[in-house]
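Student: Please show me the model. I would like to go through its local geometry and its contacts with you.

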Amino acid sequence: MKELNKIEIPASVAQDFNFANSVWKNGKLMIQRGTVRDVYFIGHETKTITEVQKGSEEPVTRQAVFAFPIEVKKPATYGDVVNAAERQAYALFSDEAAISFTASLSRKYRENNQDAQVIEHDQFIAYVKQELAPIFK
């Protein structure tokens, strides 16, 4: 499946400095609400991080939560968030890039629906929809 650029997010409400604008479900940060845009988080995973603190030479190990952020203009529908996830994952930052990507993917699908890029894209979209389902229930 498509490799996602995940970012570190708060692991708990206690670590969330913006908790008044956050939506948490089942102990996971799902949405950070903004004035114009919201950020949805999917694909949560906990990793062990070892780092050296400033002013010390001793490594410190801690648990950190990472997730794929999907930034979308408000108000957002389920389809808007899926589309925004695709644009972000495939670095489609302009309408022209998105149109070109879609045309290329459609052509590949018509020629060979088992093309690696077609399969990767289908798996990615299915994954995004699965991850967003609990948020939009």
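**Backbone, salt bridges and helix packing**

Tutor: Asn26 is exposed, at a relative accessible area of 78%. Buried means under 20% relative accessible area, exposed over 50%, and partly exposed in between, with a 1.4 Å probe and protein chains only. This is a predicted model: local features need pLDDT of at least 70, side-chain atom pairs count only at pLDDT 80 or more, and totals for chains, interfaces and linings use all residues. Residues are numbered from 1 along each chain as its sequence is written, and side-chain values use heavy atoms, with hydrogens and water left out.

Student: Where is Asn26 placed, and what is its phi near?

Tutor: Asn26 sits in the loop between strand S2 (22-25) and strand S3 (28-33). Strands (E, at least two residues) and helices (H or I, at least four) are DSSP runs, numbered from the N terminus. The residue is not glycine, yet phi is positive, near 50°.

Student: What is phi of Ala91 near?

Tutor: Ala91 lies in the loop between H1 and helix H2 (95-111). It counts as partly exposed, at 43% relative accessibility. Here too a residue other than glycine has a positive phi, near 55°.

Student: Which residues does a cis peptide bond join?

Tutor: Look at the loop between S5 and H1, the place of Pro75. Omega there is about -15°, and the cis bond joins Lys74 and Pro75.

Student: How many salt bridges does a search of the whole structure find?

Tutor: Side chains of opposite charge can pair when their charged atoms come close. The criterion is a side-chain nitrogen of Lys or Arg within 4 Å of a carboxyl oxygen of Asp or Glu. The search of the whole structure finds seven.

Student: How far apart in sequence are the parts that Glu8 and Arg62 tie together?

Tutor: Glu8 and Arg62 form a salt bridge, with the closest N and O atoms 2.7 Å apart. Glu8 is in strand S1 (residues 7-9) and Arg62 in strand S5 (residues 59-73), so the parts tied together are separated in sequence by 54 residues.

Student: Which residues are linked in a network of salt bridges?

Tutor: Start with accessibility. Glu8 is partly exposed at 39%, and Arg62 is partly exposed at 29%. The network links Glu8, Arg62 and Glu51.

Student: What is the N to O value for Glu71 and Arg37?

Tutor: Glu71 is in strand S5 and Arg37 in strand S4 (residues 37-52), 34 residues apart. Glu71 is partly exposed at 43%, and Arg37 is partly exposed at 40%. Their side chains meet in a salt bridge, N to O 3.5 Å.

Student: What is the N to O value for Asp95 and Arg87?

Tutor: Asp95 is partly exposed, with a relative accessible area of 48%. Arg87 is partly exposed too, at 22%. The salt bridge between their side chains has an N to O value of 2.9 Å.

Student: At roughly what angle do the axes of H1 and H3 cross?

Tutor: Axes are lines fitted to C-alpha atoms, for helices over the stretch in contact, and angles run from 0 to 180 degrees between N-to-C directions. The axes of helix H1 (residues 78-89) and helix H3 (residues 116-132) come within 10 Å, and the crossing angle is roughly 135°.
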